[in-house]
Amino acid sequence: MVEVLMRKDFGGLKPDSESAYKVLGKIGSGAVVTVDVKDPRRTSVKQHRLFFALLNRAFDNQEYYPTLDMFRYALTIRLGYFEKFKFIDGEVIPVPKSLAFANMTHEEFSKFMDEAAEAIEEMLGLGKDELLAEVYST
């Protein structure tokens, strides 16, 4: 499942971010898809876009993770935003928590974004302030 931002316009929903365009571009015309509509007012759309801009910039500057989702999962788990999942054989693995609007308040998401920028700085050697300045300028 992929979560993307959509904008309600006359006649339907339209992609509201670059990642939404990419995801929808992979779906054939006339295809029926499942949509889970949530009110994003808990976390601002601007804040959500800034985080994914930060994530995309960092992903483009690394070579270890093959997909943006894998990179996001690793970052989310590294920051401690995960739940433990236990298999029947007792093995326990971390499962990243959702970063969806409805799951975090504005303050919680702001804290997460600051922590993510610091972790990216540590992981990739990208300057937190430079990275955030680049993201805020887009």
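Analyst: Being four residues apart in helix 4, lysine 111 and glutamate 115 are separated by about one helical turn; helices here are DSSP runs of H or I with at least four residues, numbered from the N terminus. Their side chains meet in a salt bridge, with 3.0 Å from N to O. The term asks for a side-chain nitrogen of Lys or Arg within 4 Å of a carboxyl oxygen of Asp or Glu. Lysine 111 is exposed, at 51% relative accessible area, where exposed means over 50%, buried under 20%, and partly exposed in between (1.4 Å probe, protein chains only).

A word on the basis: this is a predicted model, in which local features need pLDDT of at least 70, side-chain atom pairs count only at pLDDT 80 or more, and totals for chains, interfaces and linings use all residues. Residues are numbered from 1 along each chain as its sequence is written, and side-chain values use heavy atoms, with hydrogens and water left out.

The structure holds four salt bridges, and helix 4 (residues 106-124) takes part in another of them through glutamate 122. The side chain of glutamate 122 meets that of arginine 78 at 3.3 Å, N to O. This pair links distant parts of the chain, 44 residues apart, with arginine 78 in helix 3. Glutamate 122 counts as exposed because its relative accessibility is 60%, while arginine 78, at 47%, counts as partly exposed.

Helix 3 (residues 68-78) also holds aspartate 69 and arginine 72, three residues apart, or about one turn. Their side chains form a salt bridge at 3.0 Å, N to O. Aspartate 69 is partly exposed at 30% relative accessibility, whereas arginine 72, at 16%, counts as buried.

Methods:
Helices (H or I, at least four residues) and strands (E, at least two) are DSSP runs, numbered from the N terminus.
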